[in-house]
Amino acid sequence: MTLTTLLTGGSFFEGPRWHDGSWWVSDFYRGTVSRVSPAGEETVVLEVPTQPSGLGWLADGSLVVVSMTDQRLLRWDGEATTTYADLSPYCGGLLNDLVVDGAGHVFAGDFGFDLMAGGAPRPGNLTRVDPDGTVTVVAEDLLFPNGMVVTADGGTLLVGETLGNRYTAFDLAPDGALSNRRTWAEFGPAPSGGTLDEVLGQLVLAPDGCAGDAEGHVWAADAVGGRVVRVAPGGEVVAQVSAPDGLGVFACALGGVDGRTLLLCCAPDFLAHLRAPVREAVLVTTTVDVPAAGRG
């Protein structure tokens, strides 16, 4: 597939979404949330010095943004920024990605441990914030919960476990309740070992940011493979797109006017001390056959 550069000059792009005719993306170390036109024109719409990540929209059109280092969800109404929920009592590491379902429930995962310091891997939580502000831990013992997809019918939540070699699925009820936890796609055995290096060495595919399509497949950034892959239920990789030479891919999204543009968030690596001082991250796009579906 042919790759086209959309935007350069980032530090570490994450949380990409297509919304209202534009791409939206966080940049961890510039501390920004930007809107990027299909022609590659960037407009910074929000500054989040506490490191922005996952993005989503509520029914009233306001934007919800993960604030990673202080473990909060922020709400931006186009003018003012407020705290939507404080998730610090429920997190074992930095707050990470999120997805908003059709009823306005926000699901967010956390690292579970200090990744950037090379800490010993520990499971993280998946937390739900209801429209009335109620906060509930809805799943535990997830191995680095990361990118998520709500299927087109609204009935299933898929959660990528970056350090687990898998996607985990839950039945999703209209009230946000999760049940019937199961493996949706498995790429290899769950890693064992007490150190981060040991775990990373056992990853076959490390699902990061992701997007669902109209055939029930998931496009997933492979955080250790320098690629995005199209995953069928069960775990078969049916297509892949490699990152530009020397870069990894840490998130992706489907969008564009027909839903067939695949956006890749690329950078040389994910290490904070290497990414923060430089501007080497890029957004690139390619075209795929099956359009976007669901929420991710």
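Visitor: Which strands each supply at least two residues of the lining of the largest pocket?

Guide: Strand S2 (13-19), strand S6 (52-57), strand S10 (95-100), strand S18 (207-212) and strand S22 (248-255). Strands (E, at least two residues) and helices (H or I, at least four) are DSSP runs numbered from the N terminus. A pocket, on a 1 Å grid over the protein atoms alone, is an open set of points with protein on both sides within 12 Å along at least five of seven lines, and lining residues have an atom within 4 Å of a point. This is a predicted model: local features need pLDDT of at least 70 and side-chain atom pairs pLDDT 80 or more, while totals for chains, interfaces and linings use all residues. Residues are numbered from 1 along each chain as its sequence is written, and side-chain values use heavy atoms, with hydrogens and water left out.

Visitor: Which strand gives the largest share of that lining?

Guide: That's S2, with 4 residues. The whole lining of the largest pocket has 21 residues, and Arg 17, Trp 18, Gly 294, Arg 295 and Gly 296 lie nearest the centre.

Visitor: How much space lies in there, and what classes of residue line the pocket?

Guide: About 400 Å³. A volume here is the space filled by probe spheres set on the grid points, which are joined across faces, edges and corners. The lining of the largest pocket splits into 13 nonpolar, 5 polar and 3 charged residues. Nonpolar covers Ala, Val, Leu, Ile, Met, Phe, Trp, Tyr, Cys and Pro; charged covers Asp, Glu, Lys and Arg; the others, Gly among them, are polar.

Visitor: What about the second largest pocket: how many residues line it?

Guide: The second largest pocket has 16 lining residues, with Thr 151, Ala 152, Asp 213, Gly 216 and His 217 nearest its centre. About 170 Å³ of space lies in it. Strand S14 (145-150) and strand S15 (156-161) each give the lining at least two residues. By class, this lining has 8 nonpolar, 6 polar and 2 charged residues.

Visitor: Switching topic: which residues touch the most other members in the largest nonpolar core?

Guide: Leu 73, Leu 87, Leu 98, Val 106 and Leu 283, out of 42 residues in that core. A nonpolar core is a set of buried Ala, Val, Leu, Ile, Met, Phe, Trp, Tyr and Cys residues joined through side-chain atoms within 4.5 Å. Buried means under 20% relative accessible area, exposed over 50%, and partly exposed in between (1.4 Å probe, protein chains only).

Visitor: What does Leu 73 touch?

Guide: Skipping residues up to four places away in sequence, Leu 73 touches a list that includes Val 64, Val 65, Val 66, Leu 87 and Val 129. Contact means heavy atoms within 4.5 Å.

Visitor: Why is strand S7 largely enclosed?

Guide: Because 5 of the 5 residues of S7 (residues 63-67) are buried. Leu 63, Val 65 and Ser 67 cover one side, and Val 64 and Val 66 are on the other.

Visitor: Which way do S7 and its partners run, and how many bridges join them?

Guide: S6 and S7 run antiparallel, joined by 4 bridges, and Gly 56 stands opposite Val 64 in S7. S7 is also antiparallel to strand S8 (residues 72-76), with 5 bridges, and there Val 65 faces Leu 74 in S8. Strands count as paired if DSSP finds at least two bridges between them.

Visitor: What's in the turns?

Guide: The S6-S7 hairpin has 5 residues between its strands, and Gly 61 in the turn has a positive phi of about 90°. The S7-S8 hairpin has 4 residues between, with Gln 71 in the turn at a positive phi of about 55°.

Visitor: One more. Is Thr 287 buried or exposed?

Guide: Exposed, at 58% relative accessibility. Thr 287 sits in strand S24 and touches Met 1 and Arg 260, leaving out residues up to four places away in sequence.

Conventions
1 Å grid on protein atoms, 1.4 Å probe; cavity = no way out; pocket = protein on both sides within 12 Å on 5 of 7 lines; lining within 4 Å.
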